[in-house]
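This briefing goes with the sequence and the structure shown below. Please keep both in view while reading the points that follow.

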Amino acid sequence: MGFLDTAPLGEQREEAIARIRKAPPGLEIARYWQVVATHTPDSARRLVSYLASALLARGWLQAADRVLEAAADTLGESADHVKADFDLLVAADLLTVEAGKITCIAGLMSIKPTGLVFKFDGQHEIHLPGPLAAIAIGKALQKAGEVRATCADDKTTKLVLKVDKAGIVERTPEEICLFLRAWNGETPPTAASTAGGLFRNDDALGRWQEQAGDPAGMPLASLLFGMAVGDLGLQVGGALESVLNHLPDFD
C-alpha cells in the first residue's frame with residue numbers, strides 16, 4: 001500500500017488522489033501540498049505552527065514526546081488531543097518522525113543537514129529537503145533570506161536564491177534552473193522531493209539528466225524562473241503558509 005492510499009485527504013479522497021495523479025510529471029508533490037493544506041484542521045495547524053516556530057527560534061527540537069508535552073501546555077489542549085493532531089500530521093507527512101524525533105516539518109524544514117540551507121534574520125538557518133522547498137520557503141514562512149546550495153551537477157558551484165515574503169527576488173547566477181522528480185505516490189512526498197536538484201545553468205541540468213538516465217520529472221530551464229518557477233513557489237508556499245501561520249507570534 002502506497003503513501004497516497006493512506007494519506008488523510010478529506011472526504012473526497014478519491015477525487016483528491018485523482019487530482020494529484022493528473023498533475024504533470026514532477027508537479028505531483030506540489031499538487032499534494034496544495035490538496036493536503038485544505039484538509040488540515042485548525043487544531044493541527046496550530047500544532048505544526050508551534051513546532052515550526054520553535055524550530056525557527058532555536059534551530060533544534062527536543063524528542064517528539066517532550067515537544068508534545070510542551071505543546072499541550074502552550075496551546076492549552078489536552079495531551080490526547082495534541083497526540084491525535086500529531087498523528088494526523090505524521091500521516092499527512094506534514095511532520096516526518098524518525099526514531100522518536102521530528103526530522104522535517106511541512107516538507108520544508110529539515111532538522112538533518114541536507115546541503116540546502118535557508119539563512120534568515122541575519123543569524124539563523126534551517127536545512128531544506130529539496131528544490132521545491134527552496135522556491136517555496138520565503139512565501140511559506142513569510143521571511144526574507146537566502147537559499148544557499150551547490151549545483152547538483154558539479155557539486156561545487158555555489159548557488160544563491162534571495163527570497164522574501166512574496167517569493168524569489170534574485171538569483172546568483174542568473175542562469176540557475178532546477179529539476180523536480182516525478183512522484184508515484186508510493187513514498188512520502190518529503191522523502192521523494194530530495195531527488196531533484198538546483199543547477200548552475202541549462203547545460204548542467206541537461207548533463208545531469210543524461211547521466212541520471214533521463215529520469216521522469218520536470219526540468220525547469222533558467223528562462224522559466226521569472227514566471228513558471230516563481231508562480232509554482234508562490235502556489236506551494238501559499239498553501240503551506242496557510243498551515244503554518246496559526247500562531248500569533250509566528251512571524
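In the hairpin of E2 and E3, which residue takes a positive phi? The residue is Ala-106, with a phi near 55°, and this hairpin has three residues between its strands. The model is a predicted one, in which local features need pLDDT of at least 70 and side-chain atom pairs count only at pLDDT 80 or more, whereas totals for chains, interfaces and linings use all residues. Residues are numbered from 1 along each chain as its sequence is written, and side-chain values use heavy atoms, with hydrogens and water left out.

**Strands and hairpins**

- Helices (H or I, at least four residues) and strands (E, at least two) are DSSP runs, numbered from the N terminus, and two strands pair if DSSP finds at least two bridges between them.
- Strands E1 and E2 run antiparallel and are joined by four bridges, and within this pairing Glu-98 stands opposite Lys-101 in E2.
- The hairpin of E1 and E2 has two residues between the strands, and here Ala-99 takes a positive phi near 50°.
- E2 is also joined to strand E3 (residues 109–110), again in an antiparallel way, by two bridges, and the bridge partner of Ile-105 in E3 is Met-109.
- Because four of the five residues of E2 are buried (under 20% relative accessible area, where exposed means over 50% and partly exposed lies in between, with a 1.4 Å probe and protein chains only), E2 is largely enclosed by the rest of the structure.

**Pockets**

- A pocket is defined on a 1 Å grid over the protein atoms alone as an open set of points with protein on both sides within 12 Å along at least five of seven lines, and its lining residues have an atom within 4 Å of a point.
- Grid points are joined across faces, edges and corners, and a volume is the space filled by probe spheres set on the points.
- The largest pocket holds about 280 Å³ of space, and of the 18 residues that line this pocket, Thr-114, Thr-150, Ala-152, Gly-196 and Gly-197 lie nearest its centre.
- The elements that give two or more residues to the lining of the largest pocket are E6 and E10.
- Sorted by class (Ala, Val, Leu, Ile, Met, Phe, Trp, Tyr, Cys and Pro count as nonpolar, Asp, Glu, Lys and Arg as charged, and the others, Gly among them, as polar), the lining of the largest pocket has 10 nonpolar, seven polar and one charged residues.
- The second largest pocket holds about 230 Å³ of space and is lined by 17 residues, of which Thr-96, Glu-98, Thr-103, Cys-104 and Thr-190 lie nearest its centre.
- At least two residues of the lining of the second largest pocket come from each of strand E1 (95–98), strand E2 (101–105) and helix H8 (189–192), and E1 gives the most, with four residues.

**Cavities**

- A cavity, on that grid, is a set of points where a 1.4 Å probe fits but cannot get out, and the structure holds three cavities of 30 Å³ or more.
- The largest cavity has a volume of about 70 Å³, and its lining consists of Gly-26, Ile-29, Pro-131, Leu-132, Leu-180, Arg-181, Ala-192 and Ser-193.
- Helix H7 (131–141) and strand E9 (177–181) are the elements that give two or more residues to the lining of the largest cavity.

**Salt bridges**

- The structure holds 12 salt bridges, each being a side-chain nitrogen of Lys or Arg within 4 Å of a carboxyl oxygen of Asp or Glu.
- Lys-83 forms a salt bridge with Asp-87, with the closest N and O atoms 2.8 Å apart, and both residues lie in helix H6 (residues 79–91), four residues apart, which is about one turn of the helix.
- Lys-119 forms a salt bridge with Glu-125, with the closest N and O atoms 2.3 Å apart.
- Asp-154 forms a salt bridge with Arg-200, with the closest N and O atoms 3.3 Å apart.
- Asp-154 lies in the loop between strand E6 (145–150) and strand E7 (158–164) and Arg-200 in the loop between strand E10 (197–199) and helix H9 (202–211), so this pair ties together parts that are 46 residues apart in sequence.
- Asp-154 is partly exposed, at 25% relative accessible area, whereas Arg-200 is buried, at 17%.
- A network of salt bridges links Asp-153, Asp-154, Arg-200 and Arg-207.
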